[in-house]
Amino acid sequence: MTRVALDKFNLPDIKATTPHFTDVLTNVSKPSEGDFREDIKGKMLGFLDSINKTGAPFIIHMFPIYTVYRYGFDVDFAFFDNKSKFKIVDGNNTYTNLFTFIYDTLVSALARAGYGDMEIVVGQIGWPTDGYVSASEQNAERFHRGLLKYIAKKEGTPLRPNRDIDMYLLGLTDENMVVTDYGPYQRHWGIYKHDGVPKYKIDFTLQDRDVKPSIAKGTVRMPNRWCVFDGKTDHNETLVLQDYDFACEKSDCTAFGSGATCDHLSFTEKVSYAYNMLYQMGNQDMRKCKLLGAKMTTNNPSTPDCDFPIEILTAEVVDGGSGLTKKY
């Protein structure tokens, strides 16, 4: 529809395209076998014909942490400094990391569809710091260091060598209201914490410096106050669970995901975490702490592995906005 509107107003030089996730491709063991899924191939061919007329790029979103497990590969294959012996040999080409494997699988799919020279842009790529097994700040730093070194070399891939690949990192900060269709980790892509402090070292200049980016300015961190569950055993457990579920539904409990930083918590600690997230995401409004067994504390309830965060004030509170702005 965007293309139709642009043509209607005689704007042929403006390129319109639509991003796609890697699941538009068939599961293959070698990039040369790459193709679009049969159930959507007709629509994909129509889409490719449309964007090819104006020279618009094919935009692909890659979640390496998702894809490496989906394919059943060694998780180290997702990193550019692959320390495992896992590799994929495809004719004269050898793949030692997931990015080049997926990229060339798309190249093969485009070639098979008759668009072997179509430009490819990576619209989203990154590594989450929580919400899934192998999602951590250490692994995110490792992934981005390897990715940016690779991009700086402009070596391309086996099927498209010596290319400067355009891509966009996902993302600047965590988004605690984003949908989690592919997993809880989708709320934890951020390079920065909510308060503007970088989580790990990453050099945006592509010089591979061992530095953290600058601390963001202008955020307003709320006081050191937490809303927690008192843990008393005389509470009706069914009602406590109802408030726990309500708090998670209205806030963000993705740190409970399998392999995540808070998946080991006790029942009392999980309820406390949920209560606190609702309280923090509500700008520490006392009304958000009116749950069964809830109480206020100034003692940090975090565990060695699980952080009970203090959030920042949302924009509508800081500048008197309309309330339409959501805090991410």
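1. In this note, a residue is called buried under 20% relative accessible area, exposed over 50%, and partly exposed in between, with a 1.4 Å probe and protein chains only. By that scale Phe86 is partly exposed, with a relative accessible area of 26%, whereas Phe77 is buried at 0%.

2. The model is predicted, so that local features need pLDDT of at least 70 and side-chain atom pairs count only at pLDDT 80 or more, while totals for chains, interfaces and linings use all residues. Residues are numbered from 1 along each chain as its sequence is written, and side-chain values use heavy atoms, with hydrogens and water left out.

3. The structure holds 33 aromatic pairs, where rings of Phe, Tyr and Trp (its six-membered ring) pair if their centres lie within 6.5 Å, and where planes under 30 degrees apart count as stacked, over 60 as edge-to-face and the rest as tilted. One of these is the edge-to-face pair of Phe73 and Phe101, at 5.4 Å centre to centre and with 90° between the planes. This pair links distant parts of the chain, 28 residues apart, with Phe73 in the loop between helix H3 (64-70) and strand S3 (88-90) and Phe101 in helix H4 (residues 98-112); helices (H or I, at least four residues) and strands (E, at least two) are DSSP runs numbered from the N terminus. Both Phe73 and Phe101 are buried.

4. Phe77 and Phe86 also form an edge-to-face pair, 5.0 Å centre to centre with 80° between the planes. Elsewhere, ring pairs join Phe21, Phe63, Tyr66, Tyr69, Tyr132, Tyr182, Tyr185 and Trp189 into a cluster.

5. A charge sits over a ring if NZ of Lys or CZ of Arg is within 6 Å of the ring centre and within 35 degrees of the ring normal. The charged end of Arg142 sits in this way over the ring of Phe79, 4.0 Å from its centre, and Lys270 lies over the face of Phe256, at 5.2 Å from the ring centre.

6. Four strands form an open sheet in the order S1-S2-S5-S6, with parallel pairing, two strands being paired if DSSP finds at least two bridges between them. Strand S1 (19-21) and strand S6 (167-169) stand at the edges, each with a single partner strand, so one side of each has no neighbour in the sheet. S1 is joined to strand S2 (residues 58-61) by 3 bridges, and Pro19 stands opposite Ile59 in S2.

7. Helix H2 (residues 41-52) lies across S1 and S2, running at about 130° to S2; axes are lines fitted to C-alpha atoms, for helices over the stretch in contact, and angles run from 0 to 180 degrees between N-to-C directions. H4 packs on the sheet, touching S2, strand S5 (120-125) and S6, and its direction makes about 140° with that of S5, contact meaning heavy atoms within 4.5 Å.
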